[in-house]
Amino acid sequence: MGFQLENVISIKDFTKKDIKFILKEAEKMEPIARSQKTSKILSGKILGMMFYEPSTRTRLSFEASMKRLGGSVIGFSEVAESSATKGETLADAARVVACYADAIVIRHNAEGAARYISDIIDIPVINAGDGAGQHPTQTLLDLYTMKRIFENIEGLKVALIGDLKYGRTVHSLAYALAMFNVDMVFVSPKELKMPRDIIHDLKEQRISVHETTKISDVIDDIDVLYVTRIQKERFPDPEEYSKIKGAYRIDAKMLNGRDVIVMHPLPRVDEISVNVDALPQCKYFQQAFYGVPVRMALLKALIK
Amino acid sequence: MRKPKELKVKPIKNGTVIDHITSNKALHVLKILGLPDGKSRVTVAINMESSRYGSKDIVKVENRELESNEVDQIALIAPKATINIIRDYEIVEKWKVHLLDEVHGILKCPNPNCITNKREPVETRFYVINREPVILRCHFCERLMGEDEIESQF
């Protein structure tokens, strides 16, 4: 047995063995995700979707994953459709959805919401993003993308770029990459540096970690540029924001002749120029597709 | 009974003496114990000399025998404190406080956006991930809490 988890709440709950199991299973799911094969393994099963915050990719890819495996989906996609507007607690809402479904996927604006309901209900819970907290399925699909492109995650050199302070995907990803002994470089404006406690944890695991403010310092010696969006609201001064935004923008000229791939959790705004989209280095749309086989593998492992 | 001159705090007949409290933390300890409660007779000594630690605080609560689960939370504030149960001027039980692996209910998560700070029927829960200095991790939002944040709650 490769997978012991009953819920998928935080990447910190995973062992390297759990992650490798899911990545391997995801590969088997790819022909089904691409509609080259059909599957009925979750036929008759229902996935409950509790989305208190809007989401396109995560919600649609979970729905696609469940349906590709022969299952069906119920739920709501924004808080206005839920009974939270009538004052119902999350605890009660989760108990009710658990009466109708075989597993729950939740996105909520409060940190810890997924862990909280997983303590209350008996069916598996998958965290699809809890505030500024965890988004473990994004991390798994990021790892899967690297594995599919490079075959081995071990030994890669990965640069995490942009908002490393508030970006939830980069925190989980840094912890996961550490399990695979990946060399990491954190590239961000000084206002948005990777939190000290994360750097401390990584160094304790003897992971090679470097920090810089310039992409040009690292681009010649890196396999993966993992780009995240710098949000305007992090900067009180709009002029400061536009200056910083420009310094962390990836474009075709920068990538010219370089053996590097570009990943992004999406939605992208203007931190990657559209002139990158047609280049072989562009992997972010492929990355978005890989969300389906990875989530299929998780659903299969969790729903008994 | 002859009263020794050097005795700054009067012995008690029955009750609990909490000794070796980290100096200047006695008032936090009272808060943890829900004191003063309007009826208990309590003696507090702050910044006393201690041969072992240089200085210390002492709290004496008369006619109340604190239970170990009541006082274990004191370890969050004063990890070297000792508890003495007194009956008829004699120490009948003595033990050191012990910080449990988990802290339930007592503390609030410092993250305002944690689910435990929303209107949900939930008790807070923290894992002790470091004992000296004390660092706790919220079971729900995974946020870390250090000594300053712990003390500011008492």
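This briefing covers chain A, the two domains of chain B, and the contact between the chains. The model is predicted. Chain A has 10 helices and 9 strands. Chain B is assigned domain 1 (15-96) and domain 2 (102-151). Chain B and chain A bury about 1200 Å² between them. Domain 1 and domain 2 of chain B bury about 690 Å² between them.

**Chain A: fold and dimensions**

- DSSP runs in chain A come to 10 helices and 9 strands.
- The radius of gyration of chain A is 19 Å, close to the 19 Å that the globule rule gives for 304 residues, so chain A is as compact as a globular protein of that length.
- Along the principal axes, the C-alpha atoms of chain A fill a box of roughly 55 × 45 × 40 Å.

- The domain assignment places residues 15-96 of chain B in domain 1 and residues 102-151 in domain 2.
- The C-alpha centres of these two domains of chain B are 24 Å apart.
- Domain 1 of chain B brings 7 residues to the contact, and domain 2 of chain B brings 8 residues.
- Carbon and sulfur atoms give 64% of the roughly 690 Å² buried between the two domains.
- On the domain 1 side, Gln73(B), Leu76(B) and Ile77(B) lose the most area to domain 2 of chain B. Together these residues account for 61% of what that side buries.

- Lys80(B) and Glu132(B) form a salt bridge through their side chains, at 3.7 Å from N to O.
- The side of domain 1 of chain B that touches domain 2 has 3 nonpolar, 2 polar and 2 charged residues.

**The interface of chain B and chain A**

- The interface puts 16 residues of chain B in contact with 18 residues of chain A.
- Of the area of about 1200 Å² buried between the chains, 48% is on carbon and sulfur atoms.
- The rule finds 2 salt bridges across this interface.
- Glu142(B) pairs with Lys12(A) in a salt bridge, with the closest N and O atoms 3.6 Å apart.
- Polar contacts between chain B and chain A number 12 residue pairs, with both residues at pLDDT 80 or more.
- By class, the side of chain B that touches chain A has 7 nonpolar, 3 polar and 6 charged residues.

Definitions and conventions:
Residues numbered from 1 in each chain as written. Chains lettered and ligands numbered in written order. Predicted model: local features only at pLDDT ≥ 70, side-chain atom pairs only at ≥ 80, totals over all residues. Heavy atoms only, no water. Domains from an automatic or database assignment. Contact = heavy atoms within 4.5 Å. Buried area = accessible area lost by both parts, 1.4 Å probe. Salt bridge = Lys/Arg side-chain N within 4 Å of Asp/Glu carboxyl O. Nonpolar A, V, L, I, M, F, W, Y, C, P; charged D, E, K, R; others polar. Polar contact = N/O pair within 3.5 Å; in protein donor to acceptor, adjacent residues only side chain to side chain. Helix = DSSP H or I, 4+ residues; strand = E, 2+ residues; numbered from the N terminus. Rg over C-alpha atoms; globule rule 2.2 N^0.38 Å.
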